[in-house]
Amino acid sequence: MIAACGYQCLRLYDIVNCTNPIINYEGIQKNITRLGFPEDGTWMFTGGEDCKVRIWDMLSQQQIRSFDCNSPINSVCLHPNQVEIAIASQSGGVFLWNVNNKEHEHLVPDQNASVQDVAISPDGKFMAAVNNRGRCYIWDLKCSSDQKLISEPKAKKMIAAHVRYALRVKFSPNSKFMVTTSFDGTAKIWEVPKFELVKELKKPNSQWVWDAAFSLDSKYLFTASSDGLCRLWNWKSQSIVREYSGHTKAITALSFRDEIICEN
Amino acid sequence: MATYNNPHWLLSHIRNSFISTDETGMCENVMMNQDLPKHFLQKCEQLELNCYPGLDEQSDDEDFDLTAQSFDIMFPEHNSYRFRSNTAQRLEKMDIARKKASRMKSIKVCSESSNDNDYKNFFVAKTELVPPPDNMKSLLTDQLIKTPVQPKNKFAQYAKYDGTSHTGIVTKKFKVFINMLPDDKRSYPLPLCVIADTKILDIIGLICYKCLIQFPGLVLGDVRNYGLYIAEDNGEMEALPPLDVRESFAKFKFSHFTLVERRSNSTTTSRNDYRTMSITSDGDYGGEGASGTERKPNTLNKNEIEIQKMFDRIEAPLYRTYRVYCRNFFFRNEVQLGVSGERIEIDPIPQKNSKLWKKQKAVSYNIDHIAFIELHEERTSKSVLRMWYGYPQQTQTQLTPNEAPATMSVSPQHLHSYFNNFKYYDFETDKITAQQILSKINCLLEIRSSFIHKEFLTERDKKKEKK
């Protein structure tokens, strides 16, 4: 099953026969900006410009939780502990919401900027958020002593990752690197936990880089950009290994599934 | 938001927003005369990226606009079918929509979440996070190592015009015969599906792209070296010139086309260029060097020569003009030489300082009165063509006043009589144009095989024998 969201709609498709949606959510007033599933796929979370994050039971297709953050939502990310959700809002706030007990933490790194994307490292140690000023904020996520939240965010570092407008932040599967993409046509790789710049991927005259995805061994990186091309980089050597063309308009999101084949 | 980094889209969007939201109509009045997006496009015509797809084709000419046609008007493929009524079509559409709806489940989005207590133990926190092993190998890496070097398709930029990967866009399906393929593969057309409003040049690029995928050994040149011709369903070409590369493909409602390598017909393509772009290698090379003195041997094969000859014949009756110099003893006058299947016209081009000389009048000759054309002089930079013409004795009285005999008296100095009944013009031009004129007129003479042409040949042979 594949889920798609967008302009005032949310639909679920059968991945084998994608022509018609099998489930359509009616009555959505605003754009849905992000959706996702936990590892076991029992529920789905969606976030949109109606300021709400909603949790759906995939079995009964009922909405079971919702969280209002009073500002349009740009991005939603699920903590690897499968219970906490990080939310990036246009008002500049980052929320960490515990779905289970409905408690939340509100962090405001920069009041006058819209947070474009938020990510949590697969090892659950860091949370990163980028805003439309090109800044990237890092929080340490430590195990909390009180039962309010499982992880307690503690501001760690601010990096001026890009000159302006950052679009995406993601951690590599091994949690050792972080990538930020921006409208300046670059994708920058940062080393974790020091958060220092390792490599900058840029093609001359390239346009906005919207999204990026690491391979499972973190050696390769896919980037999606406005020129309608998806590129596969060997990011350590900063070389383009493959270029995928075919889109007539900008590619704004991509997702990649990889498999472990052997352990050396 | 994906469109925000496109200046053309942004300009259009701002303009349209102003016009559509202003109820007083003031914005429209002010902006009507200044179409900034259009100006922007004209300014950076070279940069294709700046143009937002679909926005630039806002032509006022609705005849060519595929979307301008009402959706209620449907043309059957064969005329024998009766038009279905609109009601029947609408009923069918409703039926399809109903069937689709029955397969789709709809869920109402409500503001309040329900049954909260049932889900108390629904979310289970994962306490141990297992990181992926350090020295593992991913499937992607493995596959990349297995296929390290992938030949890059140089036509990859045209892949986006493929219509199969799009939904909700008008596409067109057709079949194309590839003339550059070896004989045994040439008769099977390549099926293609493209986005309807693609330009012909991009279609050619897409065909080249698909060709390289299917026939990796094929050597293809630049897209501009190929022409797309309308063809029969058996691959036979229609006697029409190639489609204009700037045209939109949506205009042409044909099912079969042929892709053929163009003759180099402009001075921008050097002669050597198109020779080395030799195409298929069916092993039939060599031995063709004699066919042209300056042709490189071993780069042309029989097929190519045949194709070229065929094109010369097809294109010969089409009207074309050339700018050449007409030699007149010591002077050279620039003239426009117009060659068509019916007649040859010589129009003097007015010069600024031509007051001193008697103005030359325009002349036109029926093609049947042209006797012969030959390469009279050949130098590195220019060539001189000699065009013989005459008029049969018996038809002289029937000629119309503006034809040969009447106009011959215009500038008698530059007409020399060599043979009894034949006179000639000398035209000076560059090498490539000379070759083109020569082959075009020779083809015409061959097709017409007029009395004067034959007479000239016999007379020339006689002279040679006497010598």
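Colleague: In S1(B), what is the bridge partner of A:Asn24?

Modeller: B:Ser106 is the bridge partner of A:Asn24 there. Strands here are DSSP runs of E, at least two residues, numbered from the N terminus. Bear in mind that this is a predicted model, where local features need pLDDT of at least 70, side-chain atom pairs count only at pLDDT 80 or more, and totals for chains, interfaces and linings use all residues. Residues are numbered from 1 along each chain as its sequence is written, while chains are lettered from A and ligands numbered from 1 in the order in which they are written.

Colleague: Fine! In which sense do S3(A) and S1 of chain B pair?

Modeller: Parallel, over 4 bridges, with S1 spanning residues 105-108 of chain B. Strands pair if DSSP finds at least two bridges between them.

Colleague: And how many residues does the contact take from each chain?

Modeller: Chain A gives 54 and chain B gives 41, counting residues as in contact if their C-beta atoms, placed from the backbone, lie within 7 Å. On the chain A side, S3(A) has the largest share, 6 residues.

Colleague: New topic: where is A:Gln82, and what is its phi?

Modeller: A:Gln82 sits in the loop between strands S8 (73-78) and S9 (84-89) of chain A. Its phi is positive, about 70 degrees, though it is not a glycine. Most residues other than glycine have a negative phi.

Colleague: Is A:Ser175 buried or exposed?

Modeller: Buried, because it has 21 C-beta neighbours inside 10 Å; the cut-offs are 20 or more other C-beta atoms within 10 Å for buried, 12 or fewer for exposed, and partly exposed in between, with C-beta atoms placed from the backbone. A:Ser175 also has a positive phi, near 60 degrees.

How values were computed: Contact = placed C-beta atoms within 7 Å.
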